[in-house]
Amino acid sequence: MADYSERLEDLLDHHLIANEELEKRKEGGGVGYLLNGNMCLGIYEDMLVARIGELLAEKLLSQNGVHRYLPDKGLYDDLVMVDESIYEHSKALQKFIDKSIAYTRQLPPQNQNADKLKS
């Protein structure tokens, strides 16, 4: 049994099926979708994790169902966690996907071989 919502994983996979930019990784008890090595979208327990930028994140935190990304205790102020009550609506989920991809696309690529070089 997974430690995260497999239903949300199926929803994201369905919405992202044609997107070849994102790399899906399962680790740390969840699922992450990376763009150029940067976390873009993810699943934490039953919540959608979306990297939407600090300004938009601050604005959306006043809405019911949108929360600060807490697992890293403030290290990623550009990420939010979104309840199922919001992402269960296909249009809302697509908006978070679109905003996340647009924001993450602007970030500098991460060196994906950094861990291998340290070994």
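1. Among contacts in the protein chain between residues at least 6 apart in sequence, 55% link residues at least 24 apart, a contact being heavy atoms within 4.5 Å. The model is predicted: local features need pLDDT of at least 70, side-chain atom pairs count only at pLDDT 80 or more, and totals for chains, interfaces and linings use all residues. Residues are numbered from 1 along each chain as its sequence is written, and side-chain values use heavy atoms, with hydrogens and water left out.

2. The protein chain holds 5 helices and 6 strands. Read from the N terminus, its elements follow the order α-β-β-β-β-α-β-β-α-α-α. Helices (H or I, at least four residues) and strands (E, at least two) are DSSP runs, numbered from the N terminus.

3. Of the 119 residues in the protein chain, 39% count as buried. Buried means under 20% relative accessible area, exposed over 50%, and partly exposed in between (1.4 Å probe, protein chains only). The accessible surface of the protein chain is about 7600 Å², and 49% of that surface belongs to carbon and sulfur atoms; the areas come from the Shrake-Rupley method with a 1.4 Å probe, and for residues only the protein chains shown count as cover.

4. Strands β1 (residues 22-27) and β2 (residues 30-35) run antiparallel and are joined by 6 bridges. Lys26 has Val31 in β2 as its bridge partner. The hairpin of these strands has 2 residues between them, and Gly28 takes a positive phi near 60 degrees there.

5. β2 also pairs with β3, in the antiparallel sense and over 5 bridges, and Leu35 stands opposite Asn38 in β3. Beyond its neighbours within four places in sequence, its contacts include Tyr33, Arg51, Thr104 and Leu107.

6. The largest nonpolar core contains 26 residues, and those with the most contacts inside it are Leu12, Leu16, Leu41, Leu48, Val80 and Phe96. Such a core is a set of buried Ala, Val, Leu, Ile, Met, Phe, Trp, Tyr and Cys residues joined through side-chain atoms within 4.5 Å. Elements giving two or more residues to this core include α1 (6-16), β4 (47-51) and α4 (90-105); α4 gives the most, with 5 residues. A second, separate core of 5 residues includes Met47, Tyr69, Leu79 and Met81.

7. Tyr76 lies in the loop between β5 (66-68) and β6 (79-82). With a relative accessible area of 36%, Tyr76 is partly exposed. Residues up to four places away in sequence aside, Tyr76 touches Arg51 and Tyr69. Its C-alpha atom is separated by 9.3 Å from that of Gly53, 23 residues apart along the chain.

Terms used: Pairing = 2+ DSSP bridges.
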